[in-house]
Amino acid sequence: MDVMNIVQTKMGWVPPGIMRIVEKYARRIPSVQRMIESEYDTVMNELESDLKPYRDVHSSFSEIPAKGKSKTAILKEMAAMKKKEEDRWKKGYVSGAVYHGDDRHIDFLNKVYAIHSQANPLHSDLWPSATKFEAEVVSMTARMLGAEEARLPEDGKGRPELIGDGEGVCGSVSSGGTESILLAMKTYRDFAREQRGVTRPNMVVPVTAHAAFDKASQYFGIKQIKIPVGPDYRVDVEAARRSINRNTVVVVGSAPSFPHGVVDDIATLSEIARKKGIGFHADACLGAFILPFARKLGYDVPEFDFRLPGVTSISADTHKFGYAAKGTSVILYRSIALRHYQYYTVTEWPGGMYFSPTFAGSRAGALSAVCWAALVSMGEAGYLEATAKILETGKRIREGIEKIPELKILGNPLWVIAFASESLDIYRVMEYMTSRGWNLNGLHRPACVHICVTLRHTQSGVVARFLKDLRGAVDFVKENPATDGGMAPVYGMAASLPMRGVVADMLKRYLDLLYRV
Ligand SMILES: *Cc1c(COP(=O)(O)O)cnc(C)c1O
């Protein structure tokens, strides 16, 4: 990383606008280009062996084999890879990623998948079971999030499509949190264009909101107005209020945010939006299947759902704490009229009358069946029990971290716990944890690390192991303040390098690497 470090330390802080211009021209200079290219190669070569462990172990194909491989042999290889990969998440070494992971739960979901593996909700006439499952998944999620209490606001203020009629909470099943968020942002863009003639839309989004909002901004041409967070890591509501203008199509808040696990002040934010006749999206991808149960368990949970008259849509990930298989999420709207802006219909296509609710055409009906089966088999009692265990575990982890004087917790989190350090390089602490088998999330702005507690961490011994290793990591980094190598400098560089285009290029090379056979 020498070139990056030199660039970084030599240049110090330069205003980003000027830096972009410097970068644009610097990268056209052949010697600079060569230097950067060689850095790319070094980093990618270091990563390659870790990302491609099966090259010499299992058969690989860059083209379709002339003759089919035996099914028994395929199954054997699949099982071997699964076995090698499952140890870490099963034993609770991984932040997030697998939210339930109990063998009996997985076996049950797999059976459901096998029964419905041919179903496609696009053909609602052939598989009415698939549409039944989706309608019920949407309804169950909506009820859990206050659909029945989604009354009209007392002052009656707001556009009818946004405030609804108190009976219209509805939604769709999508492929994941990102798709739910993309769909909602497209919906608000199209709604504002038709209803208010907004042609240069913007969205008011906390800096801590999920990257999916940035993706929506890029895909759909909706300018982002980023709102900073306060010392508690919750979005600055006054700054949000001031940022809304006549081209604003939606205001966003997280319940909770991915980086620091804190719930924004959704009550205030959603009221600000409603009074101005603008939609408000609560991103509860992470919290939808925890917060309602946490409240029932007596935890102090701020309001974030349809009980607030200004909340006009919510994203809720069934494939996280809903404990379904990966590949489903729910996007909910306050009114059926609003959902219509999400739908796609075409009447003039030679292929026939065509319509679909979400981005995909054909979809895996089996995933919706699995999602339905997860919700119905867990039941409220199951979710309450799981939530109680997760929050209890979160509390123990938080208290343990608070006892380590070199570390500090960011914000006031329940089960997604971010920690930083004023005296140590937190990425080196993370790297030591990695060497002990842990897989934590490295975050930046500010530099910190988080662990998202799942049912995997509620197994006996996991918390003690985590805290022991973390204590060991802090001691190690204190005693060895400057050893080179590993990923810590890469994180540090990526977080602070003024040349953001170089960092973005690096991420693209990483994706290219993933597609190498
Ligand atoms: C996980 C998550 C998302 C979306 O993630 P997907 O990977 O697309 O399911 C969005 N917002 C928050 C807060 C999340 O935690």
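This dialogue walks through how to read several features of one predicted model.

Trainee: What kind of model is this, and how are residues numbered?
Mentor: The model is predicted, so to speak of local features pLDDT must be at least 70, and side-chain atom pairs count only at pLDDT 80 or more, while totals for chains, interfaces and linings use all residues. Residues are numbered from 1 along each chain as its sequence is written, and side-chain values use heavy atoms, with hydrogens and water left out.

Trainee: What counts as a salt bridge?
Mentor: A side-chain nitrogen of Lys or Arg lies within 4 Å of a carboxyl oxygen of Asp or Glu. This structure holds 32 salt bridges.

Trainee: Where do R509 and E37 lie?
Mentor: First, the term: helices (H or I, at least four residues) and strands (E, at least two) are DSSP runs, numbered from the N terminus. R509 is in helix 18, and E37 is in helix 3, residues 30-51. Their side chains meet in a salt bridge, 3.1 Å from N to O. The pair links distant parts of the chain, 472 residues apart.

Trainee: Which residue forms a salt bridge with E149?
Mentor: R307 does, with the closest N and O atoms 3.1 Å apart. E149 sits in the loop between helix 6 (128-144) and helix 7 (160-163), and R307 in the loop between helix 12 (291-296) and strand 6 (313-316), so the pair ties together parts 158 residues apart in sequence. E149 is partly exposed at 33% relative accessibility. R307 is partly exposed at 27%.

Trainee: Which residue pairs with R143?
Mentor: E148 forms that salt bridge, and the closest N and O atoms are 3.3 Å apart. E148 has 54% relative accessibility, so E148 counts as exposed.

Trainee: Which residues are linked in a network of salt bridges?
Mentor: K82, E86, K90 and D103 are.

Trainee: How do I read the packing of two helices?
Mentor: Angles under 35 degrees count as roughly parallel, over 145 as roughly antiparallel, 65 to 115 as roughly perpendicular, and the rest as oblique. Take helix 8 (residues 177-196) and helix 9 (residues 211-220): they pack at about 45 degrees, with axes 9 Å apart. They are therefore oblique to each other.

Trainee: At what angle do helix 15 and helix 16 cross?
Mentor: Helix 15 (residues 426-435) and helix 16 (residues 462-479) cross at roughly 130 degrees, and their axes come within 9 Å. That makes helix 15 oblique to helix 16.

Trainee: What about handedness?
Mentor: A crossing is left-handed if the near helix is turned anticlockwise from the far one by less than a right angle, and right-handed if clockwise. Helix 8 passes helix 9 in a right-handed crossing. Helix 15 passes helix 16 in a right-handed crossing as well.

Trainee: What should I expect of phi and of peptide bonds?
Mentor: Most residues other than glycine have a negative phi, and most peptide bonds are trans. Now look at Y233, whose phi is near 70 degrees, a positive value. Y233 lies in the loop between strand 3 (223-227) and helix 10 (237-243). Y233 is buried, with a relative accessible area of 16%. Y323 also has a positive phi, about 65 degrees. Y323 is in the loop between strand 6 and strand 7 (329-333), and is buried at 2%.

Trainee: Where are cis peptide bonds found?
Mentor: One runs from A255 to P256, with omega near -10 degrees. P256 is in the loop between strand 4 and helix 11 (266-275). Another joins R445 and P446, with omega about 5 degrees. P446 is in the loop between strand 12 (441-443) and strand 13 (448-452).

Trainee: Is S254 buried or exposed?
Mentor: S254 counts as buried, at 1% relative accessibility. S254 is in strand 4, residues 248-254. S254 and H281 are 27 residues apart in sequence and 8.5 Å apart in space, C-alpha to C-alpha.

Note on methods: Axes are lines fitted to C-alpha atoms, for helices over the stretch in contact, and angles run from 0 to 180 degrees between N-to-C directions. Buried means under 20% relative accessible area, exposed over 50%, partly exposed in between (1.4 Å probe, protein chains only).
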